Amino acid sequence: MRIVDMNTGAAKLNKALEALKESWAETIETWEDQNARSFQEEHLEPIGPAIKMALDSTNRLAEVLARAQRECED
Amino acid sequence: MDGPANVRSIEAIRDFKAAMLQFAETATNAITTLQQEVMHFTEWLEHDRPSYWKNRVRDSYDTISQARVALENCKMREVAGNRPACIEEQEALAHAKRDLQQAQEKVETVRRWTINVRHEADEYRGRIGQLERYLESDLLKSIALLDRILTSLEDYASVSTSEGDAAEMITENSADENSADESPANSTKQGN
């Protein structure tokens with residue numbers, strides 16, 4: 001029995017990012033000017049790395065906790 | 001706004017603003033879920049495990065005592081003038097001692113992992129906190145900018161519509177005047 005579940009939260013984060021990317025892809029089909037390009041570069045592109053860092057940290061911690069659980073269980 | 005706008009659907013931008021708000025909410029909920037999981041685990045490790053293994057140590061001591069008594073009793077028995085080998089009793093005592101050793105090692109393992117996990121969890125909270133702050137601050141600024149862009153576009157669209165209506169009215173009036181000029185009475189006047 002797993003004491004901790006980091007996968008569900010991580011999956012939610014990932015899914016949220018994918019949904020946002022899809023929505024933007026639809027938006028720029030009808031918004032094609034410098035403002036759109038600036039908005040993408042300055043406001044949307046930083047989101048990916050921020051989420052990736054959070055997911056990498058989550059995966060790392062999940063591994064640590066899994067090892068801790070194995071060693072501290074019966 | 002920078003440069004000429006090329007927007008074929010203001011509704012699409014409005015939809016994207018809604019998508020950003022949804023993203024902020026979902027991501028924030030995901031972070032809360034993750035932090036709760038970490039908290040739940042550290043509680044298990046710091047409270048449940050120490051008491052579990054200390055109880056196992058205590059139980060092991062009891063089992064050892066019982067196993068020793070059983071072994072002594074066995075050794076004191078005589079069957080047809082011979083003392084039994086008491087192999088089962090010896091094995092039971094050895095097993096109980098191994099259980100005790102394992103339980104004592106686990107107490108130490110739990111102590112080491114408690115320190116390790118606290119450190120890792122603190123680092124994790126720091127990193128995930130950066131994303132939280134981003135969602136609470138930078139992302140909201142991005143959404144506010146989208147709002148301003150939408151307002152500009154909607155204002156421009158409404159002015160364009162008004163000018164378009166006015167232009168249409170001028171065009172209709174001109175058409176009416178031309179029709180009036182083409183009537184026989186006017187033609188006559190124009191002919192002069």
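How many salt bridges are there between chain A and chain B? In this predicted model, the count between the two chains is 3, and one of the pairs joins the side chains of Arg56(B) and Asp74(A), with 2.5 Å from N to O.

On the side of chain A that touches chain B, the helices α1 (7–27), α2 (34–44) and α3 (47–72) each supply at least two residues, and the largest share, 17 residues, comes from α3(A). The residues on that side of chain A divide by class as follows.

| Class of residue, chain A side | Count |
|---|---|
| Nonpolar | 23 residues |
| Polar | 11 residues |

Taken as a whole, the interface brings 45 residues of chain A into contact with 48 residues of chain B, and the two chains bury about 4,300 Å² between them, of which 68% lies on carbon and sulfur atoms.

One residue of chain B deserves a separate description. Glu37(B) is part of helix α1 of chain B, which spans residues 10–76, and, leaving aside residues up to four places away in sequence, Glu37(B) touches Ile3(A), Val4(A), Asp5(A) and Met6(A). Although Glu37(B) is buried, Glu37(B) has no salt bridge; the nearest side chain of opposite charge belongs to Arg2(A) and is 8.1 Å away, whereas a salt bridge requires the nitrogen and the carboxyl oxygen to be within 4 Å.

Conventions. Residues are numbered from 1 along each chain as its sequence is written. Chains are lettered from A and ligands numbered from 1 in the order in which they are written. This is a predicted model: local features need pLDDT of at least 70, side-chain atom pairs count only at pLDDT 80 or more; totals for chains, interfaces and linings use all residues. Side-chain values use heavy atoms; hydrogens and water are left out. Contact means heavy atoms within 4.5 Å. Buried area is the accessible area (1.4 Å probe) that two parts lose on being put together, summed over both. Helices (H or I, at least four residues) and strands (E, at least two) are DSSP runs, numbered from the N terminus. Ala, Val, Leu, Ile, Met, Phe, Trp, Tyr, Cys and Pro count as nonpolar, Asp, Glu, Lys and Arg as charged, and the others, Gly among them, as polar. Buried means under 20% relative accessible area, exposed over 50%, partly exposed in between (1.4 Å probe, protein chains only). Lys and Arg count as positive and Asp and Glu as negative; His and the chain ends are not counted.
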